[in-house]
Amino acid sequence: MKDALSQGEFGLIDQIRRQFGDLTHEGMTGIGDDCAILSQGHGRSWVVTTDMLVEEVHFLRAYISPFDLGYKSLAVNLSDVAAMGVAPCASFLSLALPAGLPEGWIEAFLEGYHALSVRYNVPLLGGDTTSSRDGLSISVTALGQGEDTHLKCRKDARPGDILFVTGRLGDSAQGLHDLLDGRLDSPFIPIHHHPEPAVEEGVWLGSQSAVHAMMDLSDGLASDLRHILKASWVKAEVSVEKIPTRVPVELAVAGGEDYQLLCTVEAQDAPLVQQQFEARFGRPLYPIGRIVEGEPVLIWRQKGQEIHPDWKGFTHF
Ligand code: ADP
Ligand code: MG
């Protein structure tokens, strides 16, 4: 018998999208972007995202502190809101808790979640709590809102656009690698356990009309960029040597959980956007390639020459 998961994570999401496409109507944009968009009218919209963290799939409870896990659970959701170009405004938290959590564990988890909530003034407005027979599961829903003209979707990349990332890639993947290899003193492990969502950067990039498409990097550039290419039906050329990283490039492009933003910017405005981003945030917006017309394929170039590495991003199955 064929396994229900054999179609892969994205095949399954496509099936769900097809089956439920009949119910989405005007003023709603559903499955396929970092967040769904629900129009409020008067030129504003809500955005909504939900992300689950499952023990043994997304984290190893023996290694991550409850504080960091609480922080990270919200961080990965705020990252998806930021990727739409608007500010987060509320969250919901659901927990399935196994027996045997040590005393103080939940308190520390909530402190981590609270620390990030305070930082961006995002109230926790609800959720659900239940027990679990096997492992801890955390599900967070985050809401954001902003002006329609600030919303950045994956489908809006245009030929000629310059591709940018907001920061260094691969530190988190190196941290996971070191953790699994038992190098527990690695300086990359805390980065893997404590991602910072690019909330202010996302809101700022959202306010720039020259920014066309945007998404956050959760599964690795090699996988995530392909979502922009398919949604916009364009091709991309990425210069491998321009990718900001201090780890082997394969980890930087195929490892996940960087939570930097990836965006495409109108070429003639790109130098100004780059300059203003640097003035605003005190660090560069890194150009890594460009969007060109054509089938949605990702071309890697090294010193100008096309190369064909076998780089794939992370998938959950
Ligand atoms: P991200 O990494 O940005 O959180 P995902 O790769 O998890 O995005 O999901 C891609 C898209 O598919 C999103 O729009 C998400 O809402 C949607 N999606 C994922 N799983 C499901 C599901 N079980 N039911 C409906 N939509 C889903
Ligand atoms: Mg995302």
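Is Asp216 buried or exposed, at 1% relative accessibility? Asp216 counts as buried. The legends below describe close-up views of a predicted model.

**View 1. The magnesium ion (ligand 2) and its protein donors.** Asp34 belongs to the loop between β1 (28-29) and β2 (36-41), and Asp216 to strand β8 (residues 211-216), so the pair ties together parts that are 182 residues apart in sequence. Asp34, at 6% relative accessibility, counts as buried.

**View 2. The salt bridge between Asp171 and Arg246.** The two side chains meet at 2.9 Å, N to O. Asp171 is in helix α4 (residues 171-180) and Arg246 in the loop between β9 (235-239) and α8 (249-254), so that distant parts of the chain, 75 residues apart, are linked. Asp171 counts as buried at 5% relative accessibility, whereas Arg246 counts as partly exposed at 47%.

**View 3. The salt bridge between Arg301 and Glu237.** The closest N and O atoms are 3.3 Å apart. This pair also links distant parts of the chain, with Arg301 in strand β12 (residues 298-302) and Glu237 in strand β9, 64 residues apart. Relative accessibility is 24% for Arg301, which counts as partly exposed, and 15% for Glu237, which counts as buried. Elsewhere, salt bridges with shared partners join Asp33, Asp34 and Arg154 into one network.

**View 4. The salt bridge between Asp181 and Arg183.** The side chains meet at 3.3 Å, N to O. Asp181 is partly exposed, with a relative accessible area of 46%; Arg183 is partly exposed, at 37%.

Notes: Residues numbered from 1 in each chain as written. Chains lettered and ligands numbered in written order. Predicted model: local features only at pLDDT ≥ 70, side-chain atom pairs only at ≥ 80, totals over all residues. Heavy atoms only, no water. Donors = N, O, S within 2.8 Å, 3.2 Å for Na, K, Ca; no water. Helix = DSSP H or I, 4+ residues; strand = E, 2+ residues; numbered from the N terminus. Buried < 20%, exposed > 50% of the residue type's maximum accessible area, 1.4 Å probe, protein only. Salt bridge = Lys/Arg side-chain N within 4 Å of Asp/Glu carboxyl O.
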